[in-house]
Amino acid sequence: MTRIDAKFAQLKVEGKKAFVAYVMAGDPDYDRSLELVKGLPGAGVDIIELGLPFTDPMADGPTIQLAGQRALEGGMTLDRTLQLAREFREGDDSTPIVMMGYYNPIYNRGVDRFLADAKEAGIDGLIVVDLPPEEDEELCIPAQAAGLNFIRLATPTTDDKRLPKVLQNTSGFVYYVSITGITGAAVPQASDVAPEVARIKAATDLPVIIGFGIRTPEVSREMASVADGAVVGSAIVSAMAEGKPVGEVLDFVKGLADGAHSA
């Protein structure tokens with residue numbers, strides 16, 4: 001059982017929905033990024049998504065693209081992202097960390113070496129948005145063999161024919177992209193999302209978490225109410241980009257987490 005599996009089991013016992021927060025490793029710099037990540041569990045975050053900066057983030061909107069650019073310009077690398085996870089783990093051995101990014105840096109490092117390093121650093125799961133199920137032998141299956149969850153995205157365009165393929169080797173949870181488009185785009189509507197979540201849940205026992213477009217505690221609560229939890233990324237990254245103190249950003253995160261937990 002991974003930390004992700006254990007967290008969902010704990011939340012089920014408590015009768016709570018999950019709140020997942022995405023942050024870009026190294027944005028706006030290493031130290032403030034680490035301070036933010038260390039503060040997330042205290043702000044009510046159940047699972048941390050740690051963005052791995054990449055030069056060509058095709059699935060991300062301008063907010064996260066710019067965050068990755070700032071991180072790269074500040075000298076952030078895969079090694080330093082793993083080091084950030086290690087430093088977080090020195091004070092927290094229970095909060096799950098999902099590394100989210102693109103395959104190129106992993107391929108460049110070598111899959112076996114990357115998986116060993118990620119496991120040692122305390123990473124629990126991977127979201128690699130540019131590896132489709134047809135490429136599962138490349139990373140997904142080796143990751144699961146190494147004890148890491150491989151989390152897949154389902155979208156409004158994932159039809160009934162495609163869904164079984166998407167779910168086939170997925171573990172940890174399913175990340176449902178609530179809107180058609182990039183991160184940080186339009187606000188999702190619970191009435192649109194609920195039937196899609198029900199369709200996915202009919203095909204898997206895994207928790208389904210909703211992301212994309214969630215920016216307020218109210219929407220966080222609405223999305224969590226029709227699924228097993230909510231993910232917020234761009235709104236948190238935006239708050240950091242505005243230069244707000246980390247404590248103020250964590251207060252904002254706590255409001256979003258409280259929204260999901262009240263569902």
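This text walks through the structure from the whole chain down to single residues.

The model is predicted: local features need pLDDT of at least 70, side-chain atom pairs count only at pLDDT 80 or more, and totals for chains, interfaces and linings use all residues. Residues are numbered from 1 along each chain as its sequence is written, and side-chain values use heavy atoms, with hydrogens and water left out.

Start with the whole chain. It holds twelve helices and nine strands. Both are DSSP runs numbered from the N terminus: helices are H or I with at least four residues, strands are E with at least two. The radius of gyration is 17 Å, close to the 18 Å that the globule rule gives for 263 residues, so the chain is as compact as a globular protein of that length. That radius is taken over C-alpha atoms, and the rule is 2.2 Å times the number of residues to the power 0.38. Along its principal axes, the C-alpha trace spans about 45 × 40 × 35 Å.

Next, the interior and the surface. Buried residues make up 55% of the 263. Buried means under 20% relative accessible area, exposed over 50%, and partly exposed in between, with a 1.4 Å probe and protein chains only. The accessible surface comes to about 10800 Å², by the Shrake-Rupley method with a 1.4 Å probe. Carbon and sulfur atoms account for 50% of that surface. A contact means heavy atoms within 4.5 Å. Of the contacts between residues at least 6 apart in sequence, 72% join residues at least 24 apart.

Now look at helix 12, residues 246-261. Its 16 residues reach 22 Å from first C-alpha to last, close to the 22 Å expected at 1.5 Å a residue. The expected span is 1.5 Å times one less than the number of residues. Its buried residues include Val 246, Leu 250, Leu 256 and His 261. The buried residues of helix 12 pack against strand 1 (18-24), helix 2 (30-39), helix 10 (217-225), strand 9 (229-232) and helix 11 (234-241).

Beyond its neighbours within four places in sequence, Thr 81 is in contact with Ala 25, Leu 50, Gly 51, Leu 52, Pro 53, Met 76 and Met 99. Gln 83 also sits in helix 4, which covers residues 78-89. At 31% relative accessibility, Gln 83 counts as partly exposed. From Gln 83 to Val 197 is 114 residues in sequence and 35 Å in space, C-alpha to C-alpha.
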